[in-house]
Amino acid sequence: MSRDRAPHTRPTDTAPVERGAAAPGRQEPQGRRTSRPQASARARRTAPARPQRAPEGGRATRDAAPRRAEGPRAAGQPRAGRRNDALDGLRALAIASVVFYHLSVAWLPSGHMGVIVFLVLTGYLLTSSLVRTLVKGGAIGYRTLWTRRLRRIWPPMAVCVFVTVAACVLFNHVLLTKLRPDFVPSLLLVSNLAAIVRGASYFDHLGGVSPLTHLWYLGLDAQFCLVWPPVLALLWRLGAKRRDAALPRRATFALALASAVAMAALFDPNGDPTRVYYGPDTRFFAPLVGACLALLWPLGRRRPVGALGGSKLDLGSLDIFGLVGLAGVLAVMVLSQDTATFLYRGGMMIVALLSAALVASLLDPATVTSRFFSARPLVWLGRRAFGIYLWHYPLFQLLRVTDGDTPAWVVALAVVASVALAELSLRLVEEPLARGASPLPTGPGRLAPARAAALVAGLAVVAVAVAGAVVVPDETALPTDALNNTGVSAGAAKDLTSESQQAADGGDAAGSAEDSKGVAEGATPDDHLVLTASADETGQNRYDPFVVADSVAGDASWYFKQHCPNGYLDSYVGRRPDQALDVLKGYVDQGVVGKVVVLCTFSNAPGTSSTLDQLVEACGDRIVYVVNVSIPESEEAQINSSLTALEKKYDNVHLIDWKSYVAGHGADSAEPWLYADREHLTPQGQPHYIDLITSAIAKDFVESAGGSAQVGTVGQNTGE
């Protein structure tokens with residue numbers, strides 16, 4: 001009997017063909033001849049019955065009588081024990097979208113929806129396997145099921161983890177520092193839960209990303225396979241007790257809806273979504289949708305079960321299901337930003353349902369989608385999807401393929417190397433384990449020389465990984481105390497109605513009280529522009545200029561206060577353009593925004609054209625300056641191009657070109673303005689960032705806002 005599987009596992013993903021029934025829409029052929037010689041009647045009577053393969057957890061039995069002839073199959077219908085090639089082809093689509101997403105390609109902003117496809121397949125294939133056991137009245141052997149599951153996914157994952165850690169020990173201690181909290185949880189298949197407990201963020205790229213971040217998915221997959229079999233068995237028994245065959249299906253879909261509702265309810269658009277992104281309770285809706293499909297149409301059956309099976313489900317209907325499902329999944333990947341609220345409030349559930357429709361169309365080999373996804377290149381790639389998923393992300397981080405200045409040949413090398421390592425994983429680890437063999441089988445009394453060398457190399461990798469993870473000191477690309485939040489939230493404005501009066505009376509503006517620390521005693525003063533707001537602005541309790549920013553500008557908040565004593569800077573780590581829009585609207589509603597607005601909030605995500613337009617519209621007739629970015633991400637060009645286009649679109653919008661200004665002052669330069677993360681400002685770079693902004697806005701600040709600009713002296717902030 002075939003084994004239950006996740007989207008990435010190797011063993012057979014087909015179920016036994018239903019006996020004694022013709023394929024849907026096909027007439028039962030009569031008098032079919034075979035080329036097999038007929039066995040004699042005596043031989044058939046005296047030959048011992050062959051033992052049947054046991055269902056999961058059950059014992060092998062012997063036929064009491066010769067096996068009945070199976071009903072005919074549609075052309076291409078998989079037999080029991082054979083793979084469904086089209087499902088492998090679907091895996092190719094899913095892994096390709098995930099890889100492109102991790103390459104930060106601009107045309108696929110939500111390629112991570114490929115993980116939803118994987119999870120739907122996990123639920124479908126696992127539940128199909130369980131249903132085959134339950135239909136026969138067998139008991140699910142949980143220990144056997146979980147052991148097999150662990151045997152399939154843990155060894156190749158462990159190889160990837162130890163090799164990645166060892167590579168970071170030898171070549172990149174910054175990444176080693178980032179992955180340390182993920183090392184043991186990844187091996188225990190609980191990295192998603194560990195990240196929630198320690199408050200880590202899947203979307204926090206400050207100072208680099210852990211090369212093991214992507215293994216949260218394997219944790220979620222393993223947790224579903226641990227929890228779902230006993231739950232399904234309970235639902236099955238309840239349905240049998242109440243003589244309600246549809247009860248498991250209804251209950252499963254209700255659980256899927258409850259999980260999707262939990263994601264929508266717990267999601268905070270102004271906060272970090274990691275809790276709902278990693279949480280099993282908020283992500284199980286996808287495999288549960290796949291489970292619903294398996295309860296309706298288990299893999300290997302010719303037609304669905306229950307009421308749906310009794311209806312007319314012709315080839316045309318399946319084609320519609322498949323094409324709509326495929327088009328819908330691709331549309332979400334292409335049209336939706338990965339930070340969109342829509343995804344968390346129903347969007348991912350919609351992708352799961354569309355994926356299920358697509359999977360349903362692949363169960364009939366005659367459909368358009370089934371023929372397409374059965375193409376040999378897609379099947380070949382899909383059967384290596386698990387290995388590609390494991391290896392691509394660590395390679396991308398080690399080779400820094402998402403850096404904007406990474407040569408195209410390095411990116412291509414990383415992709416090819418991912419596929420090559422996946423092939424090695426398949427042949428040396430996954431396939432031997434699927435056959436029940438050891439990846440390093442022993443000969444009579446000793447290992448073969450090549451296998452002995454491989455074993456020694458493996459032990460060396462483990463030793464380097466463990467020793468390095470323990471003894472190598474932490475090294476960060478960005479000091480933890482270098483970041484400064486002057487706002488209260490990434491997506492909410494601070495209440496300035498009382499503080500603005502204080503500022504008008506000569507007090508410090510909000511967001512600068514703590515920034516006076518670190519001024520070097522006896523520091524050498526330098527000449528800088530000091531912009532003073534007009535009496536009209538301060539008299540109306542307005543801050544001018546008004547800056548909404550992410551953490552980059554927040555680094556220089558002390559210098560901003562020296563240059564703009566009547567201005568206000570609201571910065572927050574990880575702030576995105578859509579969150580900045582909410583912050584800006586909040587301050588405009590309070591009536592505290594002056595005539596010049598500076599937006600420095602584009603380092604963490606590209607804003608959609610709609611969001612950028614709304615930012616400008618929220619400013620009304622004010623003069624708006626947008627500061628472009630210098631970040632080590634391939635999205636840099638897209639972000640800066642969109643800001644250049646925004647300047648051309650609106651007469652009151654002006655671009656400040658920080659990207660060009662900071663060129664030549666990277667972390668490796670003689671005078672570094674940026675830390676090793678190539679994004680945040682060093683103490684040497686902070687005054688230059690503010691100098692650029694004040695110089696750019698000075699003319700409009702004087703002529704249009706009625707302020708004054710004069711040369712003043714500003715000390716140096718030591719950042720201590």
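These legends describe close-up views of a predicted model.

**View 1. The chain as a whole.** The predicted chain has 720 residues, and 52% of them count as buried. Its secondary structure comes to 28 helices and nine strands. Among contacts with a separation of 6 or more, 79% join residues 24 or more positions apart.

View 2. Where does α5 kink? The kink lies at Leu179 and is about 50°. The proline Pro181 follows shortly after Leu179. Just after α5 comes Leu189, with a positive phi of about 60°.

View 3. The buried residues of α5 include Val174, Leu175, Leu176 and Thr177. Leu179, the site of the kink, is also buried. Further along α5, Asp182, Phe183, Pro185, Ser186 and Leu187 are buried.

View 4. Asn172 sits in the loop between α4 and α5. Is Asn172 buried or exposed? Its relative accessibility is 19%, so Asn172 counts as buried, the cut-off being under 20%. A side-chain oxygen of Asn172 reaches to within 3.2 Å of the backbone nitrogen of Val174. Leaving aside residues up to four places away in sequence, Asn172 touches Ala167 and Leu398.

**View 5. The five-stranded open sheet.** Five strands line up in the order β5-β4-β6-β7-β8, with parallel pairing. Strands β5 (568-571) and β8 (653-656) stand at the edges. Each edge strand has a single partner, so one of its sides is left without a neighbour in the sheet. From one strand to the next, the twist averages 20°.

**View 6. Strand β6 inside the sheet.** Strand β6 covers residues 596-600, and five of its five residues are buried. Which residues lie on each face of β6? Val596, Val598 and Cys600 lie on one side, and Val597 and Leu599 on the other. Both faces are covered. Strand β6 pairs with two strands shown here. Four bridges join β4 to β6, and these strands run parallel. Ala549 stands opposite Cys600 of β6. Four bridges also join β6 to β7, again running parallel. Here Val596 stands opposite Ile623 of β7.

View 7. Strand β7 holds residues 623-627. Four bridges join β7 to β8, and the two run parallel. Which residue of β8 is the bridge partner of Val627? The partner is Ile656. Helix α26, residues 636-649, lies across β7 and β8. The helix runs at about 145° to β8.

View 8. The bond from Asp544 to Pro545 is cis. Its omega is near -5°. Pro545 is found in the loop between α21 (535-539) and β4 (546-549). Strand β4 takes its place between β5 and β6 in the sheet order.

**View 9. Two arginines with positive phi.** Arg243 is a residue other than glycine, yet its phi is near 55°. Arg243 belongs to the loop between α7 (216-241) and α8 (247-266). How does Arg243 count by relative accessibility? At 81%, Arg243 counts as exposed, the cut-off being over 50%. Arg400 also has a positive phi, near 55°. The loop between α17 and α18 (408-434) holds Arg400. With a relative accessibility of 39%, Arg400 counts as partly exposed.

How values were computed: Residues numbered from 1 in each chain as written. Predicted model: local features only at pLDDT ≥ 70, side-chain atom pairs only at ≥ 80, totals over all residues. Heavy atoms only, no water. Bend = angle between axes of the 7 residues up to and from the residue. Buried < 20%, exposed > 50% of the residue type's maximum accessible area, 1.4 Å probe, protein only. Polar contact = N/O pair within 3.5 Å; in protein donor to acceptor, adjacent residues only side chain to side chain. Pairing = 2+ DSSP bridges. Axes fitted to C-alpha atoms, helices over the stretch in contact; angles between N-to-C directions. Contact = heavy atoms within 4.5 Å.
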